[in-house]
Amino acid sequence: MSTTLDKIVALCKRRGFVYQSAEIYGGLNGVYDFGHLGFLLKQNIKRSWIQSMITTQKNILFMDGALLGPEALWNASGHTKNFHDPMVDCTNCKRRFRADEVDLEKACTVCGKKGWTEIRQFNMMFKTNLGALADEKSIAYLRPETAQSIFVNFKNMIATNRVKMPFGIAQIGKAFRNEITPKQFLFRMREFEQMELEWFCKPDETDKYFPEWVQAREQFYLNIGIKKEHIRLHQHTKEELSHYSSRTTDVQYEFPFGWKELEGIADRGDFDLSQHTKHSGKDLVVHDEQTNQSYTPHVIECSVGVDRLFLTLLCDAYTEDTVGGEERTMLALSPRMAPIKAAFLPLVKKLSEPVRKIYDVIAAQGLMVEFDESGSIGKRYRRQDEIGTPVCFTYDFESQEDDAVTARDRNTTQQERIAIDRIPEYLFKKLT
Ligand code: GAP
């Protein structure tokens, strides 16, 4: 049985990971809301990413920039001029497509008639005006990448953090793109979150650091439990490079709809800092005390979407198997990423009270755990399997006699008896 995007979407909806945004008003295309489990999974993704930055033992600072930027900033970054996709309309049904995604020799796939407009360039930034006066000076854009907040704060960060070259600035935050055709669920959205690192180094150090970062970022995905055979590297051809990049390597994942970019590692050279120096009039350079010369640092960027990684983890963990003659769906997430770490289940409702007490003790330690007393035990196991909970502890009639519970492993469904006072130690081992 294969994993399909439809199955992932259905599970996300059924279990409350992800909802279509503003669904009661018909939904907003390419925009999603995350429910309880979705929120928790996202937090685990972000925490692991931050951890992966800290454990490089490199000099990395963190920041959280604004979502809105003035037009001058986006002129400097090249986004007002270059950040567009080719667009074409069907003259019959008026549907709009990305020109590189349709065969203009053939008829429209929606209405079956052939008639296309000229290809036009469509800028993907969301434009707005700040304040009550909608004039030229008040134009602002929602950021299409978090990176620019880092570049425009380069001077502030270096001046306030006693940091020495080489160093990195990492950020997690929202980005917005008016995609012509948002699609494949969380893969291509209009509002999404990025995790970006900008690594600043001397111009002649990029050849050393670029492969180091590619290797570190590939390793990150293996560390969070993604299967090695679903990950590969792809080097951009000249035609594929973004306007700011001289070389890019993507970490690709094999989604149900093919191999696609998960993360991009780009050599941005001095493009951004030089552009902002030119447009703002502020020198974004550093002084090398050894050579007594100033230079514009070069940048290696590692950029991945939180939501795209969310989808990746679900695709990778989605499993259908048969247990005791019954089909089940299971998310084989690594315990570190699982939204709920353990479930505490009384075999029957009248055993609830002692289980509640155990649950309270574990929850008070700050672990995300669940207590569930309703429905048959089989149904409760199925639910926990489907949301990826690594272990269920069940309290039964014997528990009253032997002060022990059964611990059921999600992947194997095997059960073992463990003393109640050993639960914290058992969980610690399981989760690390
Ligand atoms: N600062 C560089 C940059 O933004 P990008 O390749 O356009 O480069 C980086 O985006 C990452 O952000 C992608 O690899 C992907 O994980 C995520 N991403 C980009 N566009 C997205 C979208 N429309 N929806 C969801 N994630 C997206």
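**Close-up 1. Asparagine 292 in the loop between β15 and β16 of the predicted model.** Asparagine 292 belongs to the loop that joins β15 to β16, the latter strand covering residues 293-295. Although asparagine 292 is not a glycine, its phi is positive, at about 60°. The residue counts as exposed because its relative accessibility, 56%, is over the 50% that marks this class.

**Close-up 2. Lysine 94 in the loop between β5 and β6.** Lysine 94 is another non-glycine residue with a positive phi, here of about 70°, and its loop leads from β5 to β6, a strand of residues 96-98. With a relative accessibility of 61%, lysine 94 counts as exposed, so its value, too, lies over the 50% cut-off.

**Close-up 3. The cis peptide bond from methionine 165 to proline 166.** The peptide bond that runs from methionine 165 to proline 166 is cis, and its omega is near -10°. Proline 166 has its place in the loop between α6 and β10.

Close-up 4. By class, the lining of the second largest pocket is made up of seven nonpolar residues, one polar residue and seven charged residues.

**Close-up 5. The largest pocket, with a volume of about 1400 Å³.** The lining of the largest pocket consists of 48 residues, and those closest to the centre are Arg177, Arg188, His236, Ser242 and Glu261. Elements that each supply at least two residues of this lining include the helices α4 (79-82) and α9 (306-317), and also the strands β5 (84-89), β11 (191-201), β13 (247-255), β14 (258-269) and β17 (298-305). Strand β14 gives the most, with seven residues. Divided by class, the lining of the largest pocket holds 13 nonpolar, 15 polar and 20 charged residues.

Close-up 6. Rolling a probe the size of a water molecule over the atoms shows where empty space is left. In this structure there is one cavity of 30 Å³ or more, and the volume of the largest cavity is about 30 Å³.

**Close-up 7. Isoleucine 172 in strand β10.** Isoleucine 172 lies in β10, a strand that spans residues 167-176. The residue counts as buried because its relative accessible area, 18%, is under the 20% cut-off. Leaving aside residues up to four places away in sequence, isoleucine 172 touches Lys46, Trp49, Ile50, Met63, Asp64, Glu193, Gln194, Met195 and Val306. Tyrosine 25, for its part, is 147 residues from isoleucine 172 in sequence, and the C-alpha atoms of the two residues are 30 Å apart in space.

**Close-up 8. Serine 149 in helix α5.** Serine 149 is found in α5, a helix of residues 147-152. Its relative accessible area is 7%, so serine 149 is classed as buried, the limit for that class being under 20%. Not counting residues up to four places away in sequence, serine 149 touches Met63, Gly65, Ala66, Arg143 and Gln171. Met63 is also among the residues touched by isoleucine 172.

**Close-up 9. The open sheet of three strands in the order β4-β9-β8.** Strands of a sheet pair through backbone hydrogen bonds, either parallel or antiparallel. In the sheet shown here the pairing is antiparallel, and the edge strands, each pairing on one side only, are β4 (68-70) and β8 (127-129). From one strand to the next the twist averages 40°. Strand β8 is joined by three bridges to β9, which covers residues 139-142; threonine 128 stands opposite alanine 140 of β9.

How values were computed:
Residues numbered from 1 in each chain as written. Predicted model: local features only at pLDDT ≥ 70, side-chain atom pairs only at ≥ 80, totals over all residues. Heavy atoms only, no water. Helix = DSSP H or I, 4+ residues; strand = E, 2+ residues; numbered from the N terminus. Buried < 20%, exposed > 50% of the residue type's maximum accessible area, 1.4 Å probe, protein only. Contact = heavy atoms within 4.5 Å. 1 Å grid on protein atoms, 1.4 Å probe; cavity = no way out; pocket = protein on both sides within 12 Å on 5 of 7 lines; lining within 4 Å. Points joined across faces, edges and corners; volume = space filled by probe spheres on them. Nonpolar A, V, L, I, M, F, W, Y, C, P; charged D, E, K, R; others polar. Pairing = 2+ DSSP bridges. Axes fitted to C-alpha atoms, helices over the stretch in contact; angles between N-to-C directions.
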